[in-house]
Amino acid sequence: MKEIIAVVRMNMMNQTKRALAEAGITSMTAREALGRGKGLVDLQLLQGAERGYEEAISQLGQSGRLIPKRALLIVVPDKLVALTAKTIIRVNRTGKSGDGMIFVLPALNAIRVRTGEDGDDVLDDV
């Protein structure tokens, strides 16, 4: 089983949730998040700041603004990782900076509190 963390634009949340549900992935947690990718940082300014150039340091502070995002936490069986990622990408890809990121991490176990069931039995299974 894997945990998928997807960071998407706030305005894409409803479309993402709907597409995942249509694909059979209904269990998820969503959180508000603030973030930015490397696309917002001028690498020459960053290198200048690392060398101690005050002009670069003063300008670097202007490009580090954090953008409101939505973070989805989804745990799925291994066989649903590709479907989940493809669905998120299909809905969120505009080709512009800020489309989001997807992280896939190992999840050792899942336990349903109400029944004590554990493992893949507690996850969505398409």
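The lining of the second largest pocket divides into 8 nonpolar, 2 polar and 2 charged residues. This is a predicted model, in which local features need pLDDT of at least 70 and side-chain atom pairs count only at pLDDT 80 or more, while totals for chains, interfaces and linings use all residues. Residues are numbered from 1 along each chain as its sequence is written, and side-chain values use heavy atoms, leaving out hydrogens and water.

**The pocket**
- The volume of the second largest pocket is about 170 Å³ (a pocket being an open set of points on a 1 Å grid where a 1.4 Å probe fits, with protein on both sides within 12 Å along at least five of seven lines; lining residues have an atom within 4 Å of a point).
- Strand S3 (residues 67-76) gives the largest share of this lining, 3 residues (strands are DSSP runs of E, at least two residues; helices are H or I, at least four).
- Among the lining residues are Ser27, Arg112 and Asp124.

**Helix H1**
- Met13, Thr16, Ala19 and Leu20 of helix H1 (residues 13-22) are buried (under 20% relative accessible area, 1.4 Å probe, protein chains only).
- Viewed down the axis of H1, the buried residues fall within an arc of 135 degrees, so they line one face of the helix.
- They pack against strands S1 (2-9) and S2 (29-35), S3 and helix H4 (81-92) (contact means heavy atoms within 4.5 Å).
- After H1 comes Gly24, with a positive phi near 95 degrees.

**Asp99**
- Asp99 sits in the loop between H4 and strand S4 (101-106).
- Asp99 counts as buried because its relative accessibility is 16%.
- Leaving aside residues up to four places away in sequence, Asp99 touches Val7, Val8, Arg9, Asn92, Arg93 and Thr94.

Conventions. Points joined across faces, edges and corners; volume = space filled by probe spheres on them. Nonpolar A, V, L, I, M, F, W, Y, C, P; charged D, E, K, R; others polar. Buried < 20%, exposed > 50% of the residue type's maximum accessible area, 1.4 Å probe, protein only. Arc of directions from axis to C-beta.
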